[in-house]
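Hi,

Here is the structure I promised to pass on.

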Amino acid sequence: MAQREIEHLIVDIDSVQAHPKNVRQGDIGAISESLKAHGQYRPIVVDKRTNHILAGNHTWKAAKALGWAEISAGFIETKDDDEALRILLADNRANDLAMYDTGSLEELLRELSESDEGLEGSLFDLADIDDLQIDNEPLDLSEFEKYDETIDTEHKCPKCGYEWSGKQK
């Protein structure tokens, strides 16, 4: 499919609605924090036929919670409800499939944390940097015992008395 024609408008926030079949659960608080810090930097995507939001349902909800009267929206034509649902699901799934380069993210967050404003408005905090550092540390295998026949493999549950063996049969 080729590039879609998108009509970009600033619209009354009540002229569009969250898609009734959006199954995604968004963090309205985090999105609200981002909107307060940065404003809306990308439009929501709305189906022209129904005025249902296909991408940005939670941005819209956060903007409403903040008392906004208007929102930036890109309107697209869909041929039917099935196509609209496919766009809605594809947008949500594409976010699910994304991942961070954790080493680069840690570096970027450390750099930003040393600025005058720190991590404000990034939705990350110093604990996130610590978590990333732990995830990126190489595993020191010398901390683990070598496996041999002297390692105890017989176990008994202290509550119920169930016994099991870790030995391969």
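Let's start with the largest pocket: H1, S3, S4, helix H2 (57–65) and H3 each give at least two residues to its lining. H1 is the top contributor there, with four residues. Keep in mind that this is a predicted model. The space inside that pocket comes to about 1000 Å³. Its lining counts 31 residues, and the ones closest to the centre are Ile31, Tyr41, Arg42, Thr59 and Asn95.

Now the overall layout. The chain has five helices and seven strands, and if you walk along the sequence they come in the pattern β-β-α-β-β-α-β-α-α-α-β-β. Of the 169 residues in the chain, 23% are buried. If you take the contacts between residues at least 6 apart in sequence, 72% of them join residues at least 24 apart.

Next, the sheet. Five strands make up an open sheet with mixed pairing, in the order S1-S5-S3-S4-S2. As a reminder, strands of a sheet pair through backbone hydrogen bonds, either parallel or antiparallel.

Here is how the pairs look:

- S1 with S5: antiparallel, over six bridges. Glu7 has Phe75 in S5 as its bridge partner.
- S3 with S5: parallel, joined by four bridges. Ile44 has Ala73 in S5 as its bridge partner.
- S2 with S4 (residues 52–55): parallel, over two bridges. Ala18 stands opposite Ile53 in S4.

S5 is mostly covered, with six of its seven residues buried. Helix H3 (residues 81–97) lies across strand S3 (44–47), S4 and strand S5 (70–76), and runs at about 40 degrees to S4.

What about H2, and which of its residues are buried? They are Asn57, His58, Trp60, Ala62 and Ala63. The buried residues of H2 pack against S2, H1, S3, S4, S5 and H3. Just after H2 comes Gly67, which has a positive phi of about 85 degrees.

You'll find Asn22 in the loop between strand S2 (17–18) and helix H1 (28–38). Is Asn22 buried or exposed? Its relative accessibility is 16%, and the cut-off for buried is under 20%, so Asn22 counts as buried. The Asn22 side chain reaches the backbone nitrogen of Arg24 at 3.4 Å. Leaving aside residues up to four places away in sequence, Asn22 touches Asn57, His58, Leu88 and Asn92. Two of those names, Asn57 and His58, are also on the list of buried residues in H2.

Happy to go through any of it with you.

Cheers

Terms used
Residues numbered from 1 in each chain as written. Predicted model: local features only at pLDDT ≥ 70, side-chain atom pairs only at ≥ 80, totals over all residues. Heavy atoms only, no water. Buried < 20%, exposed > 50% of the residue type's maximum accessible area, 1.4 Å probe, protein only. Polar contact = N/O pair within 3.5 Å; in protein donor to acceptor, adjacent residues only side chain to side chain. Contact = heavy atoms within 4.5 Å. Pairing = 2+ DSSP bridges. Axes fitted to C-alpha atoms, helices over the stretch in contact; angles between N-to-C directions. 1 Å grid on protein atoms, 1.4 Å probe; cavity = no way out; pocket = protein on both sides within 12 Å on 5 of 7 lines; lining within 4 Å. Points joined across faces, edges and corners; volume = space filled by probe spheres on them.
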